[in-house]
Amino acid sequence: MEIKELMQELSAFKGVSNASMIRDNVVKLDIDKNSSKEFFTKLRDDFGFEHCSLITAIDNQPEFELVYHFTSINKSVTVGSTDMSVMTEVHVFLERDTPTIESISDLWGGANWHEREAFDLMGIYFVGHPDLRRVLLPEGFAGHPLRKDYVYEIHEEEW
Amino acid sequence: MAEMWISMGPQHPMTHGLWTLKVKVDGETITDADPELGYLHRSVEKMGERRKYFMNTTLPDRLCYASSTTWTHCYVLTVEELMNVEIPERAKYVRTIMLELQRLASHLMWAGSYMPDLGHITGALYFWRDRELFLNLLEVPSGSRLLYNYIRIGGVKRDLPDGFVEKAERVMKLFEQRLDEYSDLFENSKIFRMRTEDVGKFTAAQAQNLGITGPNMRGCGTKFDLRRNDPYEIYEEIDWDIQTREAGPGYGDCFSRYMVRIDEMKESMRIIRDCFKKMPKGPTLASTIPVRAQGEAFRRTEDSRGEALMYIVGDGTDRPYRWKIKSPMFTTISAAPHYLKGYKVADIPAIMGSVDICIGETDK
């Protein structure tokens with residue numbers, strides 16, 4: 001499948017908006033939180049994105065934003081006749097009071113710890129995650145330090 | 001027999017850095033595992049939000065002491081994408097040379113620390129002796145031996161000095177002779193092969209789903225290398241091949257991962273030689289470099305250990321609003337239960353050593 005076709009098919013999906021190509025091999029789009037799981041399942045099974053590269057959580061004050069990067073490794077989607085591997089960048093927006101979203105660690109095993117990290121440092125709750133514990137900070141740590149409203153106890157010097 | 005949990009680490013010869021591997025054993029057989037991280041967490045991402053873009057180039061250097069240039073390069077590439085900086089042609093070549101020298105040093109560091117895991121102390125001394133040669137080469141333009149801070153936004157710190165090409169050629173010629181010796185010493189060694197063959201196997205489909213990338217994924221036959229599949233710097237114009245192990249005996253096990261890295265070292269030298277041939281003259285640093293950035297950008301590079309990805313959001317000021325680092329080892333360690341299950345406790349050092357763990361980048 002050519003990347004242009006991929007973009008057309010993805011943008012026709014329920015809940016998808018603002019689909020665009022930000023580079024020759026990258027499709028970027030926004031997805032509604034409620035239809036995200038359905039969309040991710042389709043992305044893996046029908047379009048062959050077999051690798052979840054990264055899940056980023058951003059505190060946009062007030063809402064949270066999740067950015068997913070998926071990679072197609074076996075080239076089920078192509079860019080012309082080049083060897084380029086195609087990526088999809090998916091943005092999901094979450095409200096500050098309810099930072100929850102369905103987990104995708106049952107679809108991609110590699111997403112498991114990315115979700116744990118987003119929970120640990122940003123306090124995003126992934127519903128259906130098999131083992132949602134802190135991964136980098138110790139058990140019993142209070143708060144989520146990458147949130148912009150997190151208050152540090154130490155004195156910070158301005159650089 | 002009753003099952004029980006054993007904790008290996010954070011102080012254990014197998015761990016190569018501070019982390020804990022909890023294994024559930026039934027007799028000598030591993031039935032489950034649970035890796036634990038966080039001992040080296042320095043909150044690099046948060047630190048980056050407090051410093052200016054150009055100050056941050058020193059931080060990713062410290063992500064992985066064995067492969068520091070590749071991390072600075074990934075950061076700089078992302079910032080250049082964010083700021084739309086065009087870098088001079090010669091700087092691209094110099095960067096490629098430095099990246100491949102770093103890859104050689106990193107793979108040698110891995111090989112040197114993998115051998116004592118298997119009880120082969122001599123191997124450590126041999127490989128680290130050769131790593132020293134490449135550290136000397138990296139020291140010539142950058143001035144330091146471990147944390148270079150050589151790649152800057154807009155190019156590189158300074159041009160390669162006179163005589164660098166000849167010095168590099170001498171080192172590579174010597175190292176090629178030694179690689180032949182090592183193939184007799186390791187690949188033809190029965191003990192080495194008994195410890196590594198048919199141990200720690202995973203398939204290509206498993207690796208892709210679990211997020212295992214880089215040489216570990218190429219060891220199971222996937223022909224995927226970001227230097228070819230999402231080219232950056234000058235890799236498109238250079239003559240080189242992706243190194244994989246084809247299906248058959250020794251496929252997706254510890255030995256195939258060893259062989260992929262050895263073949264990649266030969267390929268790196270081929271890239272460096274081609275760069276020397278094609279390198280044009282000219283400046284190595286862009287004349288104007290912006291300070292502020294607005295918007296978002298990501299770039300991924302082929303780190304020595306797999307897919308490195310950085311995602312930066314700028315809010316119009318001179319500091320990043322959010323800086324996210326993807327470490328290839330983070331997901332590889334998370335997949336440890338999948339490739340440890342069913343093997344013996346004595347195989348753990350051989351398996352966990354073969355994936356080339358670096359805790360600095362994993363814990364961030």
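**Exercise 1.** In this predicted model, determine which residues Leu101(B) touches, not counting residues up to four places away in sequence.

*Solution.* Begin at Leu101(B) and set aside residues up to four places away in sequence; the contacts that remain are Phe134(B), Leu137(B), Leu138(B) and Ile272(B).

**Exercise 2.** Describe the order of helices and strands in chain A, and state how many of its residues count as buried, as a percentage.

*Solution.* First, count the elements: chain A contains 3 helices and 7 strands. Then follow the sequence, which gives the pattern α-β-β-α-β-β-β-β-α-β. Finally, consider burial: 39% of the 159 residues of chain A count as buried, a residue being buried if 20 or more other C-beta atoms lie within 10 Å of its own.

**Exercise 3.** Characterise the side of chain A that touches chain B by its elements and by its nonpolar, polar and charged residues.

*Solution.* Start with the whole contact, to which chain A contributes 26 residues and chain B 31 residues. On the side of chain A, β3 (51-59), β4 (64-71) and α3 (111-122) each supply at least two residues. The most comes from β3(A), with 6 residues. Lastly, sort the residues of this side by type: 15 are nonpolar, 9 polar and 2 charged.

Note on methods. Residues are numbered from 1 along each chain as its sequence is written. Chains are lettered from A and ligands numbered from 1 in the order in which they are written. This is a predicted model: local features need pLDDT of at least 70, side-chain atom pairs count only at pLDDT 80 or more; totals for chains, interfaces and linings use all residues. Two residues are in contact if their C-beta atoms, placed from the backbone, lie within 7 Å. Helices (H or I, at least four residues) and strands (E, at least two) are DSSP runs, numbered from the N terminus. Ala, Val, Leu, Ile, Met, Phe, Trp, Tyr, Cys and Pro count as nonpolar, Asp, Glu, Lys and Arg as charged, and the others, Gly among them, as polar. A residue is buried if 20 or more other C-beta atoms lie within 10 Å of its own, exposed if 12 or fewer, and partly exposed in between; C-beta atoms are placed from the backbone.
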